[in-house]
Amino acid sequence: MTYSTIRFAEDGAVATITLNRPDKLNSFTAHMHEELRDAVASVRDGRRARCLVLTGAGRGFCAGQDLSDRVMGEGSQPIDLAHTLSTYYNPLVMALRALEMPVIAAVNGVAAGAGANLALACDIVVAARSASFIQAFCKIGLLPDCGGTYFLPRLVGTARAMGLAMLGDKLSAEQAAEWGLIWKAVDDARLMDETMSLARHFAGQPTRGLALIKKAIQASHDNSLEAQLSLEAELQRQAGRTRDYREGVAAFMGKRPPRFTGC
Ligand code: T3D
């Protein structure tokens, strides 16, 4: 597929998707959703990538839904937003969460509405110091979607989630890092270097083990301790059967660096 609203690149085992509608702060159209879905599926189904980076072109990361697609005339039928969520946004969040490799959001600028929550759906969020996060939904009469009402209280607690969602204020990258909403804020000029060095690190690690970490931590929010302990036992069984576990132990015992293959 040739893409017009995103860019897709693979460098060794690191795949990078760049949202590419910079004039509209990379806001989502149906076409961009379709291209993004295709690119994420090719990362999932391909054999090369062991880490995915998601970023934005230009001065924004993503400003959420393209609102020019939502202008309604007086008396016209309202758009069924549940339909667009279940057709586009929800499958995207689920696909990123289920991807069996680390997904890094490199937030290069403003992340608003579904764009903010797209970043939060990723496993690690690194943001440029000048970037910001805005739960813009309340300003147009909507509630946070794209997983916002799920991720926000879990990441920052109910009080801050409620304030962010109901006020729609701009949260700086530094404040987001201080609150635990994201992994870290870095100098603007260092964003892609730091992200790519993290991505290359992940790409050389035991990918299946990292995928199991992701699965366990995601499940922990909804499990009892007992259920989580059982899940850990089951996932550790799977991890213990990987070649990378064998290699990790052998390398440790042999006092040499491990050579992980992701299998
Ligand atoms: O509809 C459904 O399917 C349900 C799902 C909804 C999910 C959602 O995401 S709802 C929330 C939608 N997003 C927003 O409400 C955010 C709207 N944007 C803004 O509030 C501001 O643009 C920002 C705070 C993000 C950035 O402000 P600023 O001053 O840095 O930039 P700007 O001048 O507002 O934007 C630059 C251009 O991008 C401008 O175009 P122009 O005038 O130069 O031709 C602006 O119109 C355009 N743009 C920014 N965001 C959107 C957008 N165009 C369409 N849709 C946008 N969301």
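1. Helices (H or I, at least four residues) and strands (E, at least two) are DSSP runs, numbered from the N terminus, and two strands count as paired if DSSP finds at least two bridges between them.

2. Before going further, a word on the source: this is a predicted model, in which local features need pLDDT of at least 70 and side-chain atom pairs count only at pLDDT 80 or more, while totals for chains, interfaces and linings use all residues. Residues are numbered from 1 along each chain as its sequence is written, and side-chain values use heavy atoms, with hydrogens and water left out.

3. Arg7 stands opposite Thr18 in S2. The two strands make a hairpin with two residues between them, and Gly12 in the turn has a positive phi of about 60°.

4. Now the whole sheet: six strands form an open, mixed arrangement in the order S1-S2-S3-S5-S7-S10. Strand S1 (6-11) and strand S10 (184-186) are at the edges with a single partner strand each, so one side of each has no neighbour in the sheet. From one strand to the next, the twist averages 20°. Helix H1 (residues 30-45) packs on this sheet and touches S1, S2 and S3, its direction making about 15° with that of S1. Contact here means heavy atoms within 4.5 Å; axes are lines fitted to C-alpha atoms, for helices over the stretch in contact, and angles run from 0 to 180 degrees between N-to-C directions.

5. Please look at the four-stranded sheet too: it is open and mixed, in the order S4-S6-S8-S9. Its edge strands, strand S4 (60-62) and strand S9 (170-172), each pair on one side only. S8 and S9 are antiparallel over three bridges, and Ser132 has Ser172 in S9 as its bridge partner.

6. Turning to the domains, the protein is divided into domain 1 (6-203) and domain 2 (207-253), with bounds from an automatic or database domain assignment. Their C-alpha centres lie 27 Å apart. Twelve residues from domain 1 and seven residues from domain 2 take part in the contact.

7. The area buried between domain 1 and domain 2 is about 840 Å², with 47% given by carbon and sulfur atoms; buried area is the accessible area (1.4 Å probe) that two parts lose on being put together, summed over both. In domain 1, Arg50, Arg97 and Arg154 lose the most area to domain 2, together 49% of what that side buries.

8. Across this interface of domain 1 and domain 2 there are two salt bridges, where a salt bridge is a side-chain nitrogen of Lys or Arg within 4 Å of a carboxyl oxygen of Asp or Glu. Helix H2 (81-98) and helix H4 (148-156) are the elements giving two or more residues to the side of domain 1 that touches domain 2.

9. Finally, the salt-bridge count comes to eleven. One to inspect joins the side chains of Arg129 and Glu174 (2.7 Å, N to O). Arg129 sits in the loop between strand S7 (124-128) and strand S8 (132-134) and Glu174 in helix H6 (residues 173-179), so the pair ties together parts 45 residues apart in sequence.
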